[in-house]
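Have the viewer open and follow along.

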Amino acid sequence: MSSSQTPATNTLTPDALLSAMDHEVAACSPGQFPQTDKDAKCYWIDNFPIDLDRRFAGVAPPQDVEADIVIIGSGITGAVVAWRLAQQQPDLRVVVLEARGISSGATGRNGGHICRPEVFDYRELAATFGPEDALRIRGLLLKSRDMMLESVAELGAADKVDLRLDGTIVVFENEEERQKFQGDLAAAREQGYKEECYTLTPEETLKKLPIPAEQARFGSSYLEKSGTVYPRKLVSVLFEAALERMPNLTLHPNTPVSQVSQVAAKAGSSSSPTYVVTTDAGHAVKTKTVFHATNGYANYLMPSLRGKKGVVGCLAHMLGVQPPNNNTQKTTVQQQLNHGFGYADFWHWIQQRPKGGPFLYGLATAECMNEYNDCATLPDDHPVRQDMYQFLAKTFCEWFPNGVDVAKHVEYDWTGIQGFTADGASIVGRPNPGSPGEFASVGHNGEGMTRCFACSTVATGMILDYLRGEKEIKAPDWFPRAFFRDEVARPSQ
């Protein structure tokens, strides 16, 4: 499958990222805002229609009453905030506005990995943010994972969300990568970090993965309490649970937001400002607070998130490749990749769906900065696709034996928009100067599923504090200082 609107790939580098953020086009225009799929065929979306889309189809947002919170975006971030609000203050009036179907953006298109061996790039983080915050950033991955698993357990939803805790393994491409990981692990330990991950020898790696010895000759890193999940199913479960607990929660799919306006309090009044959220259909929803769960599209509604302090969209590409039935080759039972799998510092990320299902495969060299059209896919003859085919054939030859044309087994082909920041830190808090009731959790730098539960939980606490009359928003001690953003509290420049 290929699209007539083909993105030009641009390897993700710091220079490319800063260059993209420098341009005015880093703000996605209304014409680029979430579109309906044309050529892309996404495994997650095709195989799990969300019933909430049908139930709330055509339901207009309330305009006769003031909401407490309007959540813009219905991916994992918006779903977690709705769930946390339902847990903590279910009497609130909450409105969720989504430009397309529920969880049809980045969450409905990602790799479905829960976490990865967590000390990667620790020394680089320490040089950028200081060792204490580097520890917080890496600890947040496990904190976020545990929050997700606790919620899934509370809801009895492990089977509903296809939770597989078989671990995540990242195979080293070369000796330099192995030494770098071990150096990061040693540096984190020196700062007092108590890691869960560990390294595996080549022999230990081969016991977990039926891959050629040549591909495993440098060993791997491993995180036991990890694996994969079906992201859209998780979002559906969280929204369903929130709806059960929160009578004044409404969802509005296919309701794009065109503008967020602040209505200032009357002169001399001690009351907080209110907001009007306007949709493309002309609905005007009044609300006390607004929460932006729009990630890579955040700069469309928040001009303060354009440029080097903001968020830029990055198109990522994935394939769903169904291995042929090779029972007659070497084994009597079809091989099954049960672990979350990464290679070369997770630039290759792969999982195989259960019961011999397709490999869902993304490769970082396919990423394209400043691109917002997730209807576009790479053509069949694109070099990146060829690299992906060759990697599958070389690494997973038990599934794709000699002579198999991997390209002929592509059943799914799609793209999605990630949100990147200049320094790699998420933006959680109040990023709009002079707008105390406007909150966000965006810019997760390709680590959305590993950051969002924790970031959204912290953002929920900020919103609730604000609604209770607190003028200052705070974050827990464990939360990275680099992620915390409060432009409202900054003195005027």
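## Strand 10 and its partners

Strand 10 and strand 15 (residues 410–420) run antiparallel to each other and are paired over 10 bridges. If you want a spot to check in this predicted model, Val321 sits opposite Val410 in strand 15. Strand 10 also pairs with strand 13 (residues 359–363), again in the antiparallel sense, through 4 bridges; there, Leu319 stands opposite Tyr361. Strand 14 is another antiparallel partner, with 2 bridges to strand 10, and Leu315 faces Cys368 in that strand.

How many residues of strand 10 are buried? It's 10 of the 10 in residues 312–321, so the strand is largely enclosed by the rest of the structure. Val312, Cys314, Ala316, Met318 and Gly320 point one way, while Gly313, Leu315, His317, Leu319 and Val321 point the other way, and all are buried.

Ala376 belongs to the loop between strand 14 and helix 11, and its relative accessibility of 2% counts as buried.

## Around strand 9

Strand 1 (residues 67–72) pairs with strand 9 in the parallel sense over 5 bridges, with Ile71 bridged to Phe291. Phe291 also has a bridge partner in strand 17, namely Phe439. Strand 17 (residues 438–442) and strand 9 are parallel and share 3 bridges.

Strand 8 (residues 274–279) joins strand 9 through 4 bridges, and these two run antiparallel. Tyr275 and Thr287 are bridge partners here. The two strands make a hairpin with 4 residues between them, and Gly282 in the turn has a positive phi of about 90 degrees.

## Aromatic pairs

A search of the whole structure turns up 18 aromatic pairs. One of them is Tyr297 with Tyr372: the ring centres are 5.9 Å apart and the planes are 40 degrees apart, making the pair tilted. Tyr297 is in the loop between strand 9 (284–292) and helix 10 (298–301), and Tyr372 is in the loop between strand 14 (368–369) and helix 11 (383–395), so this pair ties together parts that are 75 residues apart in sequence. Both tyrosines, Tyr297 and Tyr372, are buried.

Trp478 and Phe479 give another geometry: with centres 5.8 Å apart and planes at 80 degrees, the pair is edge-to-face. Are these two residues buried or partly exposed? Trp478 counts as partly exposed, at 26% relative accessibility, whereas Phe479 is buried at 0%.

There's also a cluster in which ring pairs link Tyr43, Trp44, Phe48, Tyr230 and Tyr412.

## Charges over a ring

Which charged ends sit over the ring of Phe120? Arg116 has its charged end 3.5 Å from the ring centre, and Arg138 has its charged end over that ring at 3.8 Å from the centre.

## Helix 12

Helix 12 covers residues 448–467, and at 1.5 Å a residue its 20 residues should span 28 Å; the end C-alpha atoms are 27 Å apart, which agrees. The helix is mostly covered, with 16 of its 20 residues buried. After helix 12 comes Gly469, whose phi is positive, near 105 degrees.

## The whole chain, and where to be careful

Zooming out, the protein has 12 helices and 18 strands. Of its 493 residues, 59% are buried. Take the contacts between residues at least 6 apart in sequence: 79% of them join residues at least 24 apart.

As for confidence, the mean pLDDT is 91, and 89% of the residues reach 70 or more. The pLDDT is below 50 over residues 1–6, a stretch with 24 contacts in the model beyond near neighbours in sequence. Residues 327–333 are also below 50, and this stretch has 6 contacts beyond near neighbours in sequence. Where pLDDT is low, the predicted coordinates should not be read in detail.

How values were computed
Residues are numbered from 1 along each chain as its sequence is written. This is a predicted model: local features need pLDDT of at least 70, side-chain atom pairs count only at pLDDT 80 or more; totals for chains, interfaces and linings use all residues. Side-chain values use heavy atoms; hydrogens and water are left out. Rings of Phe, Tyr and Trp (its six-membered ring) pair if their centres lie within 6.5 Å; planes under 30 degrees apart count as stacked, over 60 as edge-to-face and the rest as tilted. Buried means under 20% relative accessible area, exposed over 50%, partly exposed in between (1.4 Å probe, protein chains only). A charge sits over a ring if NZ of Lys or CZ of Arg is within 6 Å of the ring centre and within 35 degrees of the ring normal. The expected span of a helix is 1.5 Å times one less than its number of residues. pLDDT is the predictor's confidence in each residue, from 0 to 100. Contact means heavy atoms within 4.5 Å. Two strands pair if DSSP finds at least two bridges between them.
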